[in-house]
Amino acid sequence: AVVVVVAAGNEGQTKISRPGYIPEAITVGAADYFKRVAAFSSDGAVAVPEAGKILQKPDVFGYGVGVRSAKYDPAADYSKLSTDQLIAAGNGTSPATPHVAAVAAMLIQSGRQMGIELGPEQIRTILKESSTATANGNPYAGSMGGVVSASRALDYLQKNLSKFNKKS
């Protein structure tokens, strides 16, 4: 099975759009390093008629405010730039998403090492159940998770191993 992790978008509250509203995808919102949901981070309700339910997206949050990364400039002579000139900081659900995708990949690999093949819904459950509550989250969005933590997710998997099916 393929685990799809997507960005929620940067249009603000109640403005979830494609691909963030895809029910099967793990949708990631942006939070700052104080675990506050960023004002620009999209969220919203997604109807799933065939399942008779409404989902709240994003599923979880990753750090997406002031994310430092390598700066890219195709015209730059990098050998002449200082270290500070090689770093950029960005905001958005797009920089938050790779953090969550990496934790999902780590969970898949760890599960395999433990004799378990984790599927997308199991990964979503682990990420949500092990997440840390957001500091200013929407109190009406009960199905949304908090900020993802790699160590908490691994710990959750190890402590709840019996909930998951073993490979035959």
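I started just past H1: glycine 115 has a positive phi of about 85 degrees. I note that the model is predicted.

**H1 itself.** I looked up its extent next. H1 covers residues 93-113, 21 residues in total. From first C-alpha to last it reaches 30 Å, close to the 30 Å expected at 1.5 Å a residue.

**Burial along H1.** I listed the buried positions. They are Thr93, Ala96, Thr97, Val100, Val103, Ala104, Leu107, Ile108, Ser110 and Gly111. I then asked what these buried residues of H1 pack against. Three strands came up: E1 (5-7), E2 (26-31) and E5 (60-63). Two helices did as well, H2 (120-130) and H3 (150-159).

**H1 against H3.** I checked the geometry of this pair. The packing angle is about 30 degrees, and the axes lie 10 Å apart. Angles under 35 degrees count as roughly parallel, so H1 and H3 are roughly parallel to each other. H1 passes H3 in a right-handed crossing. On the H1 side I found Val103, Met106, Leu107, Ser110 and Gly111; they meet Ala150, Ala153, Leu154 and Leu157 of H3. By class, this contact holds seven nonpolar and two polar residues, with no charged ones.

**H2 against H3.** I repeated the check here. The angle is about 115 degrees, with the axes 9 Å apart. This crossing is right-handed too, with H2 passing H3. Thr125, Ile126, Glu129 and Ser130 from H2 meet Arg152, Ala153, Tyr156 and Leu157 from H3. I counted four nonpolar, two polar and two charged residues in the contact of H2 with H3.

Terms used
Residues are numbered from 1 along each chain as its sequence is written. This is a predicted model: local features need pLDDT of at least 70, side-chain atom pairs count only at pLDDT 80 or more; totals for chains, interfaces and linings use all residues. Side-chain values use heavy atoms; hydrogens and water are left out. Helices (H or I, at least four residues) and strands (E, at least two) are DSSP runs, numbered from the N terminus. The expected span of a helix is 1.5 Å times one less than its number of residues. Buried means under 20% relative accessible area, exposed over 50%, partly exposed in between (1.4 Å probe, protein chains only). Contact means heavy atoms within 4.5 Å. Axes are lines fitted to C-alpha atoms, for helices over the stretch in contact, and angles run from 0 to 180 degrees between N-to-C directions. Angles under 35 degrees count as roughly parallel, over 145 as roughly antiparallel, 65 to 115 as roughly perpendicular and the rest as oblique. A crossing is left-handed if the near helix is turned anticlockwise from the far one by less than a right angle, and right-handed if clockwise. Ala, Val, Leu, Ile, Met, Phe, Trp, Tyr, Cys and Pro count as nonpolar, Asp, Glu, Lys and Arg as charged, and the others, Gly among them, as polar.
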